[in-house]
Amino acid sequence: VLSKEKLLQKIRETQELGGTQILLQGGLHPGLPLAFYEDMLRCMKATGIHIHGFSPPEICHFSQLSGLSTQTVLERLLAAGLDSMPGGGAEILSDRVRKQIAPRKCSADEWLAVMEEAHNLGMRTTATMMFGHIETWEERLEHLERLRSLQDRTGGFTAFIPWPFQPDNTALAETEKTSGLAYLRMLALCRIYLDNFANIQASWVTQGPKIAQVSLFFGANDFGSTMIEENVVAAAGVSFRLSEQEIRRLISSAGFMPIQRLMDYRPV
């Protein structure tokens, strides 16, 4: 739990480096009321930064703690300054998988329902998939089909970001890591299958700069953001770091034009 002073310091650091957006996600804290997050959003929004925050498991958690519907929670967070929502906590949208790897997170149906409510409120979101653990190929396709169906209904997803599970320091540490080739094949399948998603993002955070660069020839048209700080994947033993300059160089040397964008893909 960060103080407002610490949060504002991180936002100032981002803005001084030319950043336009902050990604805000956390664990499911058992004791903090919804008002805590509303107050935090208002404080952050006063800086003018775009807040890309929370995720469906967090929205469901806030709903359970407050006794309010997920739609009411979303409406209150929007009013407090939330701009858009990342697709965290999707893992694989199959309840067989979720009950084994993430039993305390919301169900697949709940994840999709929160996203649909957010889209219907005019909020843009992203979608993700973490693959390469206990899921079957059929369950991967179920995940993609459910995302494509929701996108057909709402058009609210701006991008899709698939990445392979990182097993180190987890309960599934014996899982064989997804190879770079297997990642690229999966990325290409996602590009073909998700024909109603305009943007697919490479995962340099898990794959490193070289595979991410090759991803641009396998369906990815977005290199993803540079990050000042990343704590989740780093905890699983992966710690790639790329500056904005390095990202621009990797895109240019692959023959593409780097463009800084906003969350909705308008150029900065």
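Trainee: Where do Arg 248 and Glu 244 lie, and how many residues apart are they?
Mentor: Both sit in helix H11, 4 residues apart, about one turn of the helix. Helices here are DSSP runs (H or I, at least four residues) and strands are E runs of at least two, numbered from the N terminus. This is a predicted model, where local features need pLDDT of at least 70, side-chain atom pairs count only at pLDDT 80 or more, and totals for chains, interfaces and linings use all residues. Residues are numbered from 1 along each chain as its sequence is written, and side-chain values use heavy atoms, with hydrogens and water left out.

Trainee: What do the side chains of Arg 248 and Glu 244 meet in?
Mentor: A salt bridge, at 2.9 Å, N to O. The term means a side-chain nitrogen of Lys or Arg within 4 Å of a carboxyl oxygen of Asp or Glu.

Trainee: How many salt bridges does the count come to?
Mentor: The count is 14. One of them joins Lys 4 and Asp 39, at 2.6 Å, N to O. Lys 4 is in helix H1 and Asp 39 in helix H2, so this pair ties together parts 35 residues apart in sequence.

Trainee: And which salt bridge does Asp 222 make?
Mentor: Its side chain meets that of Arg 261, at 2.8 Å, N to O. Asp 222 lies in the loop between helix H9 (204-215) and helix H10 (232-235), and Arg 261 in the segment after helix H11 (244-253), so the pair ties together parts 39 residues apart in sequence. Asp 222 is buried, at 7% relative accessibility. Arg 261 is partly exposed, at 23%.

Trainee: New topic. What span should helix H1 have?
Mentor: H1 covers residues 4-16, 13 residues in total, and should span 18 Å at 1.5 Å a residue. The expected span is 1.5 Å times one less than the number of residues. The end C-alpha atoms are 18 Å apart, which agrees.

Trainee: Which residues of H1 are buried?
Mentor: Leu 7, Lys 10, Ile 11 and Thr 14. They cover an arc of only 95° around the axis, which puts them on the same side of H1. That arc is taken from the directions from the helix axis to the C-beta atoms.

Trainee: What do those buried residues pack against?
Mentor: E1 and H2. Contact means heavy atoms within 4.5 Å. The face turned away from the buried side carries the exposed Glu 5 and Glu 16.

Trainee: What about strand E1, which face is covered?
Mentor: E1 spans residues 21-24, with Ile 22 and Leu 24 on the covered face and Gln 21 and Leu 23 on the uncovered one. E1 runs parallel to strand E2 (residues 50-53), joined by 4 bridges. Strands pair if DSSP finds at least two bridges between them.

Trainee: Where is His 52?
Mentor: His 52 is in strand E2. His 52 is buried, with a relative accessible area of 7%. Leaving out residues up to four places away in sequence, its contacts include Ile 22, Leu 24, Pro 86 and Met 263.

How values were computed. Buried < 20%, exposed > 50% of the residue type's maximum accessible area, 1.4 Å probe, protein only.
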